[in-house]
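Hi there,

As promised, here is the structure for you to open in your viewer. My notes on what I found follow below it.

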Amino acid sequence: MAKVDRRIVKTQEALKKAVLELMGEKSFDEITIQDIADRANLNRGTIYLHYQDKYDLLDKLIESHMDELSEMDEWACRLDWSNGLIPFFEYFEKNYLFFSTMLASKGAPTFRARLLEYVMKGFNDEIDRDSGKNAELNEAVMLQYTGTAYVGIIEWWIINGMPHPPQVMAKQVGTLLERSL
């Protein structure tokens, strides 16, 4: 794999940070390419070297976080719920600016839907179909219920300034998910 120029990475990080900061101040529709360039201390043309427009920048930003979450799935699923959720809550904490902006912003309503879709896809393989505790429940209803609850608790935790450490949240949420699925 070719090594990426550190200047490119630095520029892209500055652009992503700039768009997130601006989304904390005004709606995404009100943000201009010039606003992003000014905040990132770059020329407008530099943005177009990396992204087609502000929507492409936002989409690539969201996609990079969704990819990182997906990479954590493979090994986290081998752990019990509480231990498996710790790296996710640590990731949400580490990327607080991104998640707080995306979940609170009126300009990115599709993010919550994408996060919910990702969560429900992951939970689909975790449904206990054998034990009988869920025998009478419809799988689609179970997935919607647990997925919405999980995304809702992430949203609550982040919007309220992460009042509990990631380990506490993982244990609490893990216990609840174990009971549900």
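This is a predicted model: local features need pLDDT of at least 70, side-chain atom pairs count only at pLDDT 80 or more; totals for chains, interfaces and linings use all residues.

Val 9 counts as partly exposed because its relative accessible area is 37%; buried here means under 20%, exposed over 50%, and partly exposed in between, with a 1.4 Å probe and protein chains only. Val 9 belongs to helix α1.

Residues are numbered from 1 along each chain as its sequence is written, and side-chain values use heavy atoms, with hydrogens and water left out.

**The chain as a whole**

The secondary structure comes to nine helices and zero strands, where helices (H or I, at least four residues) and strands (E, at least two) are DSSP runs numbered from the N terminus. The C-alpha trace spans about 60 × 40 × 30 Å along its principal axes. Of the 181 residues, 40% count as buried. The chain exposes about 10700 Å², and 51% of that is supplied by carbon and sulfur atoms; the areas come from the Shrake-Rupley method with a 1.4 Å probe, and for residues only the protein chains shown count as cover.

Among contacts with a separation of 6 or more, 65% are between residues 24 or more positions apart; contact means heavy atoms within 4.5 Å.

Helix α1 covers residues 6-23, 18 residues in total, and reaches 26 Å from its first C-alpha to its last, close to the 26 Å expected at 1.5 Å a residue. That expected span is 1.5 Å times one less than the number of residues. The buried residues of α1 are Thr 11, Leu 15, Lys 16, Ala 18, Val 19, Leu 20, Leu 22 and Met 23. As background, an α-helix has 3.6 residues a turn, so residues three or four places apart point the same way.

Which residues does Leu 61 contact, leaving aside its neighbours within four places in sequence? They are Lys 16, Val 19, Leu 20 and Phe 98. Leu 61 sits in helix α4 and counts as buried because its relative accessibility is 3%. Its C-alpha is separated by 9.5 Å from that of Gln 12, 49 residues apart along the chain.

Glu 63 is also found in helix α4, but Glu 63 is partly exposed, with a relative accessible area of 31%. Glu 63 and Phe 111 are 48 residues apart in sequence and 9.8 Å apart in space, C-alpha to C-alpha.

**The core**

The largest nonpolar core has 51 residues, of which Leu 69, Phe 89, Phe 92 and Tyr 150 touch the most other members. The elements giving two or more residues to this core are α1, α2, α4 (54-76), α5 (81-94), α6 (96-104), α7 (109-124), α8 and α9. A nonpolar core is a set of buried Ala, Val, Leu, Ile, Met, Phe, Trp, Tyr and Cys residues joined through side-chain atoms within 4.5 Å. Not counting residues up to four places away in sequence, Phe 92 touches Leu 69, Phe 99, Tyr 150, Ile 154, Trp 157 and Ile 158.

**Two loops to look at**

Asn 41 lies in the loop between α2 (33-40) and α3 (44-50). Although it is not a glycine, Asn 41 has a positive phi of about 60°. Asn 41 counts as exposed because its relative accessibility is 70%.

The loop between α8 (139-159) and α9 (166-180) holds Met 162, which has a positive phi of about 50° although it is not a glycine. His 164 is found in the loop between α8 and α9 too. At 36% relative accessibility, His 164 counts as partly exposed. Not counting residues up to four places away in sequence, His 164 touches Trp 156, Trp 157 and Met 169.
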